[in-house]
Amino acid sequence: MPVICAEGIVTRYANYRESDRILSIFTIQYGRLDAKARGCRKPQSPLVNACQPFVFGQFEIFTGKEKATVNACDVRETFYPIREDYERFSIGSVILRLCHDAAPENEPNEALFSLLYHTLSFLSYGQSNPQDLFCCFLIRYLNTIGYRPSITACAQCGRDIRGDAIVRFSARGGAVCNACVQHGEPVSKTALEGMRRMLMMEDAEMDRVKLSDEVRAEILRALTAYTESSLEFGAKALNMLQSMQTPAQHANTPAKHDE
Ligand SMILES: [Zn+2]
């Protein structure tokens, strides 16, 4: 019987029938897989802890003629602290969504998996500001999926702009020189250098990023506009972040994530 074993992170689920779920699992070995998990919402089900977003585990999946089915899961990490804090939960949900939408089906993407795994680990157990981690995730994510914005050269004329007095950040392409684009707020050298350094580091170093309030706001503004205009699913995923600005209204962290 065609049974596969794969390590992966649950990126999404949809409930159906009384106690079943369809899971999307971003696996290391096979990319994104969708699989049914029968009875997993029953409290006594052995799958009850495995069939939740953020869970990382080793899944045993039966791939028959019809939809794949989860037989068993050995849970390795639930990233539980993400659920205990509204800001971390919001950011974590956006990160899951972005990775879900970019992960190829039935085709591995180890670099994207590694980025997701490290970001969720730091979001759960790291000391860094979750928004700094998100800035770092976002620029590295864009790079990993082939949408790296221009940082040191003008996106339009290609000239090196590191010595320029005025540089702007265009939602289409990234950094642009003053001769090519004259409208919009300039972006600071510190923000551009910050993004360049975040691209250079290893996934395991992502918690070293520490941004000032001004620079963090600049980078977030630049990268969210860029992501929304570059990726067809970008705006929808980042919409979930808007509620992050007013955490006081959401004191009760939603435990569910139905879509
Ligand atoms: Zn230019």
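## Charge and overall form

The chain carries 29 positive and 31 negative side chains, and the centres of the two sets are 3 Å apart. Here Lys and Arg count as positive and Asp and Glu as negative, while His and the chain ends are not counted. Each charge is placed at NZ of Lys, CZ of Arg, CG of Asp or CD of Glu.

The model is predicted: local features need pLDDT of at least 70 and side-chain atom pairs count only at pLDDT 80 or more, whereas totals for chains, interfaces and linings use all residues. Residues are numbered from 1 along each chain as its sequence is written, and side-chain values use heavy atoms, with hydrogens and water left out.

Six helices and seven strands make up the secondary structure of the chain. These are DSSP runs numbered from the N terminus, with helices (H or I) of at least four residues and strands (E) of at least two. From the N terminus, the order of elements is β-β-β-β-β-α-α-α-β-β-α-α-α. The chain is as compact as a globular protein of its length, because its radius of gyration of 20 Å is close to the 18 Å that the globule rule gives for 259 residues. That radius is taken over C-alpha atoms, and the rule is 2.2 Å times the number of residues to the power 0.38. Along its principal axes, the C-alpha trace spans about 65 × 40 × 30 Å.

Of the 259 residues, 49% are buried. Buried denotes under 20% relative accessible area, exposed over 50%, and partly exposed in between (1.4 Å probe, protein chains only). The accessible surface of the chain is about 12700 Å², and carbon and sulfur atoms account for 47% of this surface.

## Domains and contacts

The chain is divided into domain 1 (3-77) and domain 2 (80-250), with bounds from an automatic or database domain assignment. Taken over C-alpha atoms, the domain centres are separated by 29 Å. In domain 1, 19 residues are in contact with 24 residues of domain 2; contact means heavy atoms within 4.5 Å. Among contacts in the chain with a separation of 6 or more, 63% join residues 24 or more positions apart.

## Selected residues

| Pair | Residues apart in sequence | C-alpha to C-alpha distance |
|---|---|---|
| Serine 90 and leucine 241 | 151 residues | 6.3 Å |
| Arginine 12 and serine 93 | 81 residues | 9.4 Å |
| Aspartate 164 and lysine 189 | 25 residues | 9.3 Å |

Serine 90 belongs to helix H1 and is buried, at 5% relative accessibility. Arginine 12 lies in strand E1 (residues 3-16) and is partly exposed, at 22% relative accessibility. Aspartate 164 is in the loop between helix H3 (130-144) and strand E6 (167-170), and its 16% relative accessibility makes it buried. Leaving aside residues up to four places away in sequence, aspartate 164 touches Arg159, Cys177 and Lys189.

Two loop residues other than glycine have positive phi values. Phenylalanine 54, with phi near 85°, is in the loop between strand E3 (31-37) and strand E4 (56-62). This phenylalanine 54 is buried, at 0% relative accessibility. Asparagine 106, with phi near 60°, is in the loop between helix H1 (86-102) and helix H2 (110-125). At 57% relative accessibility, asparagine 106 is exposed.

Key
Areas by Shrake-Rupley, 256 points an atom, 1.4 Å probe, with all protein chains shown as cover.
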